[in-house]
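Please read these notes with the model open beside them. They are set out as numbered points and can be taken in any order.

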Amino acid sequence: MARADQVPGIRPRPTFARRLDIAARHAFPVSCTLILMLLTETPLGIVDQPELLPAVTLACVYFWSLFRPAAMPPPVVFLIGVALDLLGYLPLGVGALTLLAVHGFAVRWRLVLTRQSFVTVWLMFGGFAAAAAALTWVLTAVLYFRLLPLGPAVFQAVLTTALYPALAVLFVRAHRSVADPEGA
Amino acid sequence: MIRLSIQARQALAKLTLPVLIAASFGLMLLGKADTLLAEHARMALADALAPIYTAISGPLAHMRDTVAGATDLWDIQAENVHLRDENVELRRWQSIALALDAENRRLKAELHWIPDPAPSYVTARVVADAGGIYAKAVLLAVGPNHGIRKGEIALDESGLVGRITEVGARSARVLLITDLNSRIPVILENSRAHAILVGTNGPQPKLLYWPEGSVPQEGERVVTSAEAGAFPANLPVGVVHYTSGNVPEVNPAAMLNGLEMVRIFNYDVSGVGAPEAARRVPRERWDH
């Protein structure tokens, strides 16, 4: 049941088109995450392109967990994580656990974080990105049972942090327009 | 829908995250216990996505070519001068090569040399990067009846690219020589010493285990060795280069960052198989 239906008040009749509109607005965060993930996999010919996939996924999950957790529930985060493992050739479960951890902490701190300025949210995201890269590195090293080079993990944290503003600008606009259930 | 009290629903909502975290640990164990599962899931996903990648890669390549063409126009004059010089140099080398080739053929005829069997090959388009943060691989789009098998060798126009590690219905995955799990027996061309080329996940794999007394020389060519029957001999791999830390690395001859087409050769080598993408001891080795 859409959140708009639980609030008392006068609103238009729930016609089929309107319900479709509400459903689309609810599905926007997840579908844009999945589409962005697939886009990073297309052959763009960029050097170090594989690093883009975890960066984009993490930014999406963090943003929507903070600003619209209802549209990014834990089971969906888990499925996105499995998709990340499969597409990004990580050992199964590593991406899922990392994303769930990011989601859990983001939801827990959202009341404080969402009131901060953009720069603060970004800086916090930098912390999240570093922790996520470290967690991925440790879990992958344990599961492969070998010491992995640190370079990619550091690069991943930096790239993820650097990509966030570009994605966040788009998401903030979407958050207020096409993804807003109240606007249906 | 089952009607639950508000408290029960809240309790369930609080439980979801821990249960899912436990599920991801379970997934890790499952992936460790049955590595074929992850491999099959990945290949199924790659098979499903390969047609989309193929459709996109055409226009993308066209766009890249257009941009490259525009930038080429910019310095066409300098490029022409450079090419003329290079052409003169290459003509000199061509005459040397032709003379050596004739001599080589004459000597082989004298020695009753058994010629290497000519390998059969297919050419496939690289449609996507199939690597991750800790893996270097590319995905090839191949037709439904491609006949490509695991362990076959991928080359681009200038050197060794890697080996086929996974084959699906419409796609195949090539593990690059720069991947962490790549180990390739090589020969240093000047000293004919054997060594192992070890992938480091970086752009240049490093050399290990060369015999004492024949240290790799800077600029020395590195070719594959037929030892262990994993590769045919004398495929060009790259050139030795020393890092600032005095570690011998190899600059790959193949353009591993901008692969567009690769040729998949079937040399019928039946020695050590290609490494498993999922780090598993091959089952057939246990069966012997």
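Where is the place of B:Arg192 in chain B? B:Arg192 is in the loop between β6 (183–188) and β7 (193–198) of chain B. Helices (H or I, at least four residues) and strands (E, at least two) are DSSP runs, numbered from the N terminus.

1. Basis of the notes. This is a predicted model: local features need pLDDT of at least 70, side-chain atom pairs count only at pLDDT 80 or more, and totals for chains, interfaces and linings use all residues. Residues are numbered from 1 along each chain as its sequence is written, while chains are lettered from A and ligands numbered from 1 in the order in which they are written.

2. Positive phi in chain B. B:Arg192 has a phi near 55°, a positive value in a residue other than glycine. With 10 C-beta neighbours inside 10 Å, B:Arg192 counts as exposed. The term rests on C-beta atoms placed from the backbone: a residue is buried if 20 or more other C-beta atoms lie within 10 Å of its own, exposed if 12 or fewer, and partly exposed in between. B:Tyr209, also not glycine, has a positive phi near 60°. B:Tyr209 is placed in the loop between β8 (206–208) and β9 (221–224) of chain B, and its 11 C-beta neighbours inside 10 Å make it exposed.

3. Overall form of chain A. Chain A has eight helices and zero strands, and its pattern along the sequence is α-α-α-α-α-α-α-α. The radius of gyration of chain A is 17 Å, close to the 16 Å that the globule rule gives for 184 residues, so chain A is as compact as a globular protein of that length. That radius is taken over C-alpha atoms, and the rule is 2.2 Å times the number of residues to the power 0.38. Along the principal axes, the C-alpha atoms of chain A fill a box of roughly 60 × 35 × 30 Å. Of its 184 residues, 38% count as buried. Among contacts in chain A with a separation of 6 or more, 70% join residues 24 or more positions apart; two residues are in contact if their C-beta atoms, placed from the backbone, lie within 7 Å.

4. Helices α2 and α4 of chain A. Two packed helices are described by the angle between their axes and the distance between the axes. Helix α2 (residues 16–41) of chain A and helix α4 (residues 74–87) of chain A pack at about 5°, with their axes 11 Å apart. That makes α2(A) roughly parallel to α4(A). Angles under 35 degrees count as roughly parallel, over 145 as roughly antiparallel, 65 to 115 as roughly perpendicular and the rest as oblique. Axes are lines fitted to C-alpha atoms, for helices over the stretch in contact, and angles run from 0 to 180 degrees between N-to-C directions. The contact is made by A:Val30, A:Thr33, A:Met37 and A:Glu41 of α2(A) with A:Val76, A:Ile80, A:Ala83 and A:Leu87 of α4(A). By class it has six nonpolar, one polar and one charged residues. Here Ala, Val, Leu, Ile, Met, Phe, Trp, Tyr, Cys and Pro count as nonpolar, Asp, Glu, Lys and Arg as charged, and the others, Gly among them, as polar.

5. Helices α2 and α3 of chain A. These pack at an angle of about 170°, with axes 9 Å apart, which makes α2(A) roughly antiparallel to α3(A). On the α2(A) side the contact includes A:Pro29, A:Thr33 and A:Leu36, and on the α3(A) side A:Cys60, A:Val61 and A:Trp64. Its residues divide into nine nonpolar, three polar and one charged.

6. Nonpolar core. The largest nonpolar core has 97 residues, and A:Val61, B:Leu140 and B:Val174 have the most contacts inside it. Such a core is a set of buried Ala, Val, Leu, Ile, Met, Phe, Trp, Tyr and Cys residues joined through C-beta atoms within 7 Å. Helix α3 (residues 52–67) of chain A gives the most to this core, with twelve residues.

7. Interface. The contact takes 35 residues from chain B and 33 residues from chain A. On the side of chain B that touches chain A, α1(B) gives the most, with twelve residues. That side divides into 20 nonpolar, ten polar and five charged residues. A:Leu97, in helix α5 of chain A, is in contact with A:Leu139, B:Ile21, B:Ser24 and B:Phe25, leaving aside its neighbours within four places in sequence. A:Leu97 counts as buried, with 23 C-beta neighbours inside 10 Å.
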